[in-house]
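Dear colleague,

Please find below the structure that I am handing over to you.

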Amino acid sequence: GNFELGNLSGWTSTGNVNLANKTPGGNFYFGAGNVGQNGSYAVAFNAGDSAPNGVLSQTFSTIIGTTYQVSYDFGATSGGTQSLLAQILNTSNAVLASQTATDSNPSPPLSAFTFNFIANSASTTLRFSDVASNATTSLDGVLDNVAVTAKSATVPEPASLALLALGLAGIAGLRRRAA
């Protein structure tokens with residue numbers, strides 16, 4: 001989540017994804033927030049004017065039928081606009097939920113984003129992908145404070161339960177009639 005171990009342990013990264021640290025003057029990564037908000041580390045996409053092709057992902061255990069909330073902070077450096085695609089994939093790599101986060105470096109520079117999904121497999125992958133149309137000259141996307149929280153198990157709707165009860169009653173009636 002918040003990358004404060006100073007590494008990307010537990011994450012898989014490809015393309016232009018870098019761990020960023022606060023700058024020597026005490027500012028956090030070229031204006032992408034302050035140390036109190038972000039700690040000392042975050043992830044930078046397309047840093048150093050590199051191509052916007054970074055992907056960061058992590059697979060974790062989930063309980064089928066449980067609702068989860070994904071939350072993260074994302075922002076742009078240097079007053080520009082950056083976008084990041086957040087996706088939830090099941091074991092078949094089918095997308096269960098997705099969100100495109102876009103930030104134009106407001107104050108505070110990192111904005112909070114959330115979305116929900118319902119797990120349909122015992123493991124799920126969270127994937128963040130840099131958007132190919134992002135500008136890269138003196139402009140990076142910054143990701144921090146990633147969390148996935150279980151909200152609740154999916155409970156059948158009352159109408160579904162009533163329909164089930166009616167069906168069972170019908171079966172019971174047929175069994176009585178046959179006897």
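Asn 116 touches Thr 67, Tyr 68, Gln 69 and Ala 97, if residues up to four places away in sequence are not counted. Please note that these and the other findings come from a predicted model. Asn 116 lies in strand β8, and with a relative accessible area of 44% it is partly exposed. Between Asn 116 and Val 148 there are 9.2 Å in space, C-alpha to C-alpha, although the two are 32 residues apart in sequence.

As to the overall picture, the protein contains 2 helices and 10 strands. Along the sequence these follow the pattern β-β-α-β-β-β-β-β-β-β-β-α. Of the 179 residues in the protein, 39% are buried. Among contacts with a separation of 6 or more, 76% are made by residues 24 or more positions apart.

I turn next to the sheet. Five strands form an open sheet in the order β1-β4-β9-β6-β7, and their pairing is antiparallel. Which strands stand at the edges of this sheet? They are β1 (12-14) and β7 (95-103); each has a single partner strand, so one side of each is left without a neighbour in the sheet. Ignoring direction, neighbouring strands of this sheet are turned by 15 degrees against each other on average.

Within the sheet, strand β6 (residues 82-89) pairs with strand β9 (residues 123-130) in the antiparallel sense, over 6 bridges. Ala 86 stands opposite Phe 128 in β9. Gln 87 also belongs to strand β6. Is Gln 87 buried or exposed? Its relative accessibility is 12%, and the limit for a buried residue is under 20%, so Gln 87 counts as buried. The side chains of Gln 87 and Arg 127 are joined by a polar contact of 2.6 Å. Apart from neighbours within four places in sequence, Gln 87 is in contact with Val 95, Ala 97, Ser 98, Thr 125, Leu 126 and Arg 127.

Thr 124 has its place in strand β9. At 0% relative accessibility, Thr 124 counts as buried. The side chain of Thr 124 makes a polar contact of 2.9 Å with the side chain of Thr 62. Once neighbours within four places in sequence are left aside, the residues in contact with Thr 124 are Gln 58, Thr 59, Phe 60, Thr 62, Ile 88, Leu 89, Phe 117 and Ala 119. The C-alpha atoms of Thr 124 and Ile 63 are separated by 9.4 Å, while the two residues are 61 residues apart along the chain.

In soluble globular proteins, nonpolar side chains tend to be buried together. The largest nonpolar core here has 25 residues, and those touching the most other members are Leu 56, Tyr 72, Phe 128 and Leu 143. Two or more residues of this core come from each of β3 (41-45), β4 (55-61), β5 (66-76), β6, β7, β8 (110-118), β9 and β10. Which element gives the most to this core? The answer is β5, with 4 residues. Beyond residues up to four places away in sequence, Leu 143 touches Phe 3, Ala 42, Val 43, Phe 45, Leu 56, Tyr 72, Asp 73, Phe 74, Leu 84 and Phe 128.

Finally, the backbone calls for a remark. Most residues other than glycine have a negative phi. Asn 93, which is not a glycine, has a positive phi of about 65 degrees. Where is Asn 93 placed? Asn 93 is in the loop between β6 and β7, and at 57% relative accessibility it counts as exposed. Asn 145 also has a positive phi without being a glycine, with a value near 55 degrees. Asn 145 is found in strand β10 (residues 141-153), and a relative accessible area of 24% makes Asn 145 partly exposed.

Yours sincerely

Note on methods
Residues numbered from 1 in each chain as written. Predicted model: local features only at pLDDT ≥ 70, side-chain atom pairs only at ≥ 80, totals over all residues. Heavy atoms only, no water. Buried < 20%, exposed > 50% of the residue type's maximum accessible area, 1.4 Å probe, protein only. Contact = heavy atoms within 4.5 Å. Pairing = 2+ DSSP bridges. Axes fitted to C-alpha atoms, helices over the stretch in contact; angles between N-to-C directions. Polar contact = N/O pair within 3.5 Å; in protein donor to acceptor, adjacent residues only side chain to side chain. Core = buried A, V, L, I, M, F, W, Y, C linked by side-chain atoms within 4.5 Å.
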